[in-house]
Amino acid sequence: MTAYRLINSLFKNRKCRKIVKSWNSELPIFEKKIAKLSRTIKYTKSIDTMVKNFDNIGQEFKYIQQYKPQDVNIELNGQVINSIDNIEIIKEQYIKDFINNRIAIELQKKDCVESIFLKESFLKKALMHALKMIEFIPNDVEILCKINELEQELMNCYNKGES
């Protein structure tokens, strides 16, 4: 019998050990995944990517809850995650803050230019960001008021230029 066949037969007869999954073995994996997803959320500019990553965090949290942990101290966006509902609340707030920031940037650009056409362009971009938020948070009164204000400002854009 050759050495290769001997080694092969030794490993063939060896039984595989089952790895017992427990809270202690799964927690470091969970924390690494959450840290990676959090970094992606923090540095992305795509709302779709943010939503997908928040949903992945929710799935990971459901998975880790199967082990009935005593205390999960995972922090996301400055808040401690205790339940799936907290993840949804954090997701909505993060998306609102992100889009409000994008709207504010466009409005600042509008204030820096003199051309009516450029002002109109920046107002349209701000309005598009606000309408994008409606896709993800449809019943938010604050954003509906913001859309109404932006529409009024867009309609009055040419009236102010003529006077």
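# Questions on a predicted helical model

E60 is in contact with F30, K33 and I34, leaving out residues up to four places away in sequence. The model is predicted.

Me: How many of the residues that E60 touches are listed, and which are they, beyond four places in sequence?
Reply: E60 sits in helix α3, which covers residues 47–65. Neighbours up to four places away in sequence are not counted. What remains is F30, K33 and I34.

Me: Is E60 buried or exposed?
Reply: The relative accessibility of E60 is 19%. Buried means under 20%. E60 therefore counts as buried.

Me: How far apart in space are E60 and K33, C-alpha to C-alpha?
Reply: K33 is among the residues that E60 touches. In sequence, E60 and K33 are 27 residues apart. In space, their C-alpha atoms are separated by 8.1 Å.

Me: What is the mean pLDDT of the protein?
Reply: Residues at 70 or more make up 79% of the protein. Residues 16–20 stay under 50, and the model has one contact for them beyond four places in sequence. The mean over the protein is 81.

Me: In what order do the elements run from the N terminus?
Reply: The protein has seven helices and two strands. Read from the N terminus, the order is α-α-α-β-β-α-α-α-α.

Me: Which strand holds I74, and is I74 buried or exposed?
Reply: I74 lies in strand β1, residues 74–76. Its relative accessible area is 7%. The cut-off for buried is under 20%.

Me: How are helices α4 and α5 oriented, roughly parallel or roughly antiparallel?
Reply: Helix α4 spans residues 84–112 and helix α5 spans residues 116–136. Their axes come within 8 Å and cross at roughly 170°. Angles over 145 degrees count as roughly antiparallel. So α4 and α5 are roughly antiparallel.

Me: How do the residues of the contact of α4 with α5 divide by type?
Reply: On α4, the contact includes I95, I99, I103 and L107, along with K96 and R102. On α5, it includes F122, L123, M133 and F136, along with K119 and H129. The division is ten nonpolar, two polar and eight charged.

Me: Is D111 buried or exposed?
Reply: D111 belongs to helix α4. D111 and F122 are eleven residues apart in sequence and 9.3 Å apart in space, C-alpha to C-alpha. The relative accessible area of D111 is 57%. Since the cut-off is over 50%, D111 is exposed.

Me: What is the relative accessible area of N148?
Reply: N148 is in helix α6, residues 141–155. From N148 to L127 is 21 residues in sequence and 9.2 Å in space, C-alpha to C-alpha. N148 counts as partly exposed, at 43%.

Me: What share of the 163 residues of the protein counts as buried?
Reply: The accessible surface comes to about 11,800 Å². Carbon and sulfur atoms hold 53% of that surface. The buried share of the residues is 31%.

Me: Among contacts between residues at least 6 apart in sequence, what share joins residues at least 24 apart?
Reply: The contacts asked about join residues at least 6 apart in sequence. The share that joins residues at least 24 apart is 61%.

Note on methods: Residues are numbered from 1 along each chain as its sequence is written. This is a predicted model: local features need pLDDT of at least 70, side-chain atom pairs count only at pLDDT 80 or more; totals for chains, interfaces and linings use all residues. Side-chain values use heavy atoms; hydrogens and water are left out. pLDDT is the predictor's confidence in each residue, from 0 to 100. Contact means heavy atoms within 4.5 Å. Axes are lines fitted to C-alpha atoms, for helices over the stretch in contact, and angles run from 0 to 180 degrees between N-to-C directions. Helices (H or I, at least four residues) and strands (E, at least two) are DSSP runs, numbered from the N terminus. Angles under 35 degrees count as roughly parallel, over 145 as roughly antiparallel, 65 to 115 as roughly perpendicular and the rest as oblique. Ala, Val, Leu, Ile, Met, Phe, Trp, Tyr, Cys and Pro count as nonpolar, Asp, Glu, Lys and Arg as charged, and the others, Gly among them, as polar. Buried means under 20% relative accessible area, exposed over 50%, partly exposed in between (1.4 Å probe, protein chains only). Accessible areas come from the Shrake-Rupley method with a 1.4 Å probe; for residues, only the protein chains shown count as cover.
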